[in-house]
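Q: Hey, could you walk me through this one? I'd like to go piece by piece.

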Amino acid sequence: MSGNIEVHDGDGITSTNADPEKIPSHGAYERIGDQISHQQLEELAPNDGAEREHILDKINSMSEEEALTIIHEAIEFHADDWNFPTDMRERMKRLVQGQKLYGDSYDRDLRVDAVMLRYSSPYPGVRAVAEILDDTSVPIETIRAYFLGIGWAVMGTFLSTFFNSRFPSISLGSYVIQILLFPCAKALEFILPDWGITVFGTRHSLNPGPWHFKEQMFATITYNIAIYTTNSYGMILVQKSPVYYGLTYVTFGYQLMLTLFVQLMGMGFAGYLRRFSVYPIKALWPTVLPIIAMNRALTRPEPKENIYGWTISRYKFFLVCTMVMFFYYWIPGYLFTALSTFNWMTWIAPQNFTLAILTGSSLGLGLFNPITTFDWNIATSSYAALATPFFSTCTQYFGGILGGFIILGIFYSNMYNTAYLPINSSSAFANDGTTYKVQKVVVNNKLDETLYQQYSPPFYSAGYILTVGANFAFYPVYFLYIMGNQWKTVSTAYVDFYKGLRYGKGNYEDTNDVHNRLMSKYKEVPDWWFLLILVGAIVVSVIFLSIYPLDTPVWLVFLMIGINIIFAVPLSLLSATTGTNLGLGSLIQVITGFILPNNPNAFLFSQTLGSWALAGYGDNYVQDQKMAHYCKIAPRAVFRSQIGTIIITCFVAVGTQDFILNNVKGLCTPNQPSRFTCAGDGAPLYSSSLMWGLLGSDRMFNSLYPLFKWCFLIGTGISIIFLLGQGYGPKYLPGVREKLRLKLKPKTFELMDRTLFPFVASLLWLNPILIIQGIQHWAPSNMSYKTPGMILSFIFMYWLPRHRLAWWEKYNYVLSAALTAGVATSALIIFFAVGYNPKRLKWWGNTVSGAGVDGSSMGLLPLPDRGYFGPEKGSFPW
C-alpha cells in the first residue's frame, strides 16, 4: 500500500511505498517524505493516519514541474487573500526563484506547499477540521438525525427567542447543542431497533448503526437554523410592547406570517449568494471551524499522541473544560457579579465622573481598563476570539479605540447636546434627559407636529451618534473596497451564476480546490429551487402588506430585494473572509427615511426585510452550507433540513414571543432584574425608528444631525485612498525607498527602515472595512467588552499558531466550543433557578460595580434652569 507510515519515535518517520512506479525516478526526489518530521506531518495532516498517508503519497509522487506550476498559480490567485498565511506566501515567492537561491529543503518545501494547495488547504484552521478524504457510503440523512436536529431546534428557538431581549443575550448555539445532542444520539443508537423501510431502493432505518460524524454534523446544521428565527422579533417587539409603540393589531397571526416569509425569503436569497460564499476557496468562514472541530472531537476516536506534553484526547479535553466552566460561571454570573462587570478602577473613586467615563464598564467607555472581566460571555461578546483571524480582531480593536476618542470629543464639546445625556447609550431621549416616549407625539401611526413641538425631538448619545455616522461611512467603504479588492473572485462568481441559470453550469466545474472536487460527487441543488422559494415568500409578503394596516406600499418589497442584490455579495464575502456578520440596516433606514418619511411602520418593515431577511438570513444559511461543504454532506440533504426546520421553528418562535411580551415583568425597562432591558434589540431599533422612520431622513440630515450626510462621502474617500494606495503602492514604493536610501544619511535611512517603512508596508495590508467596523461597534457596547477578546485573540490566534501549531490545531477550537458550552448551559440553569423569579444575593461583590457613577445614567452637564436643553419649545426643527 502506498504511503504507509511507521512511527519509530517522536522525532521521525519512515515511509514505505509499495507502488514505486508512481515515484519520479529523480534520485534526490524519490523519498521527499523521509525529510518530513513526525511533528511537521501532524501539522500538515492533523486529523488521522489515513490522511497522513494520503498527503505523504502526494508529496512523494509530485514532480518538480507540477509543483512549480501549482505554486505559480497560487501566488497570483491568493495575491488579494487576507487570510493566506504570510510565512507561506513569502516562502512560495522564494521557491519560484529556484533551488539555488532558495537553499536547503527546496525539494521538500516546494512539494509540501504544492500538495497543501492542491490536495489539502493552505489555511491551518481549515486543515485542522476539514477532511480531505470522503466516505460517500456513510448514512447522513437518517430518521434519528432529523429527530434530534429538529427536536433540539425547537428547544433552541425557544431559548434564543426567550433571551433575545437580555443584554448581553444568551443563546443555545451550535457549540452547546453538540454536547447535548451527542449523548442523546448515543442513547438512540443503544435503544432503537434496526427497523426500517425501503424507499426508491434506499433503506431508511431507525438505527442504521453507530452514530457517525456526518450524522452529528447534519443534525447540528438542522438545529443551526433555529438561532436565526429571532430577528423579525425586533419589529414585533417595538410594535407591540407598550414601552414603545403599543400597537394592538400585532396578533399571533401577524407575527407568524411576518416571521415565516422573512425566513423563507432569506432562504431563497441563499441560492444567489452560495456561488460567492460557499464554493470559492477564499470563502473561509472562520466562525464555522470551531463547530466542526467540536463534532470531530465528540464522534471520532483518536490515537494517543504527545503534543508538547499534552496527551488528553479532544473529547476528554472538551468535557473537562465544559465542566470547569459550568461551575466557574456561577461565580461571575451570580455569586460575585463584580467579576463580570469588573470596573475595578472606578472603585478607587466611585463618584469621580471622569474616571467612570474613561475606565467604567456601564456608563463609561472602558478605554483605560486593561482587565475588564473574568466572564467568558463578556470576553467573547464582541469578537469570536478563538475563531476570528487575529488581523481581523486586531484591526477592529484599534478601530474601536479610535472610535472611543471620537466619542469623547463629541461628548465633552457638547456636540448636538450630548453632554446632557449618558455618553454611550443606545436609547432615545427627550430634552429633559428622560427616555423618549413616542406615544406623546404619534396619532394614528403618524407624527403630530403640534404634539411634537410641545414635547421634544429625540436626542441621542455621543456613542450612538458615532455608531450611526460610522455605519453610513461603512457602506461605501465595504462596497467599493470589496468589489475592487476582490474583483477577480466576485466577477468569476457572477459569470458562474449567469452560466448556471442560462446553461446549467455546475457549481464545482473548473475548480482545483480539493473540497469542491470531493463535493462534486453529490447532486447539487438547482438554482430554480431557491428561486421558487423566493417567489413564494414575495407573494406572502405582498398579502401581508395588503391585509394589515401598516400603511406600507408593496413596491417597498421589490426595492429591498433590488438593494440586496447589489450589496449582499460584498457583504457576504466580508463575512466569509473575516468572520464578521453585518446587515444593511443603516443604508436601508436612510433610504426608507427619504422615500417614506413619517412612517415608522414602513421603516420597521424595511429594516426587517431589507436589513436581515435577504442579506443577513441568506448569509447565515450560506454559512451553514459552507459547514456542510467542509464536512462533505450532500447539498440536497442540507436544503431539505433547512426548509423543514424553518417552517417548524417559526411557530415556536412566535409562541415564545407572545410568552415574553405577556409574562416578563418590566420588559424593556432599564432596571429589569434579569437584564431583559432590550438594550441590544428593542431600544436601538426603536431609536432608529424615531430618527429615520418618524422624523425622516431629510429632517435628520438637514436639521437635527447634518453631519451624517457627509459620512457617505467620507467613506467613499477612505475606500478610494486605500484602493489606490494598495493597488499602486507595491509598484512604486520600492523605488521610492531606493531613492531615499541613496539620498539620506545611512543612520537616517536605517532609522526609517526600522520604523516608517514597516509601518507603510503594513498599511498595504490594512483592511479599512474592519477599521470602520471597529469604530461603529459602540452604543451599547464599549471597550470593556472588546479588550479581553483582543487579549485572547493575540494568544490563541496569533502566538499559538506560530509557536505551538500542532497544539493549536488539535485543541484551540475545542477549547472555544467547550467554554461557550459551559457558559450557556450554566447561564440557563442560573436563570431558571434564581433569575426568573429573582432571588437576589445582595453583598458588596454584587453591588460594587453599580454603586458609583458608572452604575448611573447621568450626563456631564446638569439641565438648564428652564428644565430642558436644546431649542425652545415650538421651534423644533421641521
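Q: So, which residue caps the N-terminal end of H34?
A: That's asparagine 767: one of its side-chain oxygens lies 2.9 Å from the backbone nitrogen of isoleucine 769. That's a polar contact, meaning a pair of N or O atoms within 3.5 Å; within protein, one must be able to donate a hydrogen and the other to accept it, and residues adjacent in sequence count only if both atoms are side-chain atoms. Heads-up: this is a predicted model, where local features need pLDDT of at least 70 and side-chain atom pairs count only at pLDDT 80 or more, while totals for chains, interfaces and linings use all residues. Residues are numbered from 1 along each chain as its sequence is written, and side-chain values use heavy atoms, with hydrogens and water left out.

Q: How many residues of H34 are buried?
A: Nine of the nine, residues 768-776, so this helix is largely enclosed by the rest of the structure. Buried means under 20% relative accessible area, exposed means over 50%, and partly exposed is in between (1.4 Å probe, protein chains only). Among the buried ones are Pro768, Ile769, Gln773 and Gln776.

Q: And what do they pack against?
A: The buried residues of H34 pack against H18, H20 (462-485), H24 (555-578) and H31 (708-743). Contact here means heavy atoms within 4.5 Å.

Q: Where's proline 780?
A: Proline 780 is in the loop between H34 and H35 (787-803). A cis peptide bond joins alanine 779 to proline 780, with omega about 10°.

Q: Back to H18. What should its residues span?
A: H18 has 23 residues (390-412), and at 1.5 Å a residue they should span 33 Å. The sum is 1.5 Å times one less than the number of residues. The end C-alpha atoms of H18 are 33 Å apart, which agrees.

Q: What comes after H18?
A: Asparagine 414, which has a positive phi, near 55°, although it is not a glycine. Asparagine 414 lies in the loop between H18 and strand S5 (442-443), and it's partly exposed at 23% relative accessible area.

Q: What's the phi of serine 105?
A: It's positive, about 65°, and serine 105 is not a glycine either. Serine 105 sits in the loop between H5 (99-102) and H6 (106-119) and is partly exposed at 30%.

Q: New topic. How many disulfides does a search of the whole structure find?
A: One. It joins cysteine 668 to cysteine 678, S to S 1.9 Å; a disulfide is a pair of cysteine sulfur atoms within 2.5 Å. Both cysteines lie in the loop between H28 (635-663) and H29 (682-694), ten residues apart.

Q: Is that link left-handed or right-handed?
A: Left-handed, with -65° about the S-S bond.

Q: And are cysteine 668 and cysteine 678 buried or exposed?
A: Cysteine 668 is buried, and so is cysteine 678. Cysteine 631 also counts as buried, at 3% relative accessibility.

Q: At what angle do the axes of H11 and H28 cross?
A: Roughly 35°, and the axes of H11 (residues 233-240) and H28 come within 11 Å. Axes are lines fitted to C-alpha atoms, for helices over the stretch in contact, with angles from 0 to 180 degrees between N-to-C directions. The crossing is right-handed, meaning that the near helix is turned clockwise from the far one by less than a right angle. Residues making the contact include Tyr233 and Ile236 of H11 and Gln657 and Leu661 of H28.

Q: Last ones. What is serine 313 in contact with?
A: Leaving aside its neighbours within four places in sequence, Glu302 and Tyr811. Serine 313 is in the loop between H13 (289-299) and H14 (314-328), and a polar atom of its side chain lies 3.2 Å from the backbone nitrogen of lysine 316.

Q: And where is asparagine 846?
A: In helix H37, residues 844-847. A polar atom of the asparagine 846 side chain lies 2.7 Å from the backbone oxygen of leucine 841.

Key: Helix = DSSP H or I, 4+ residues; strand = E, 2+ residues; numbered from the N terminus.
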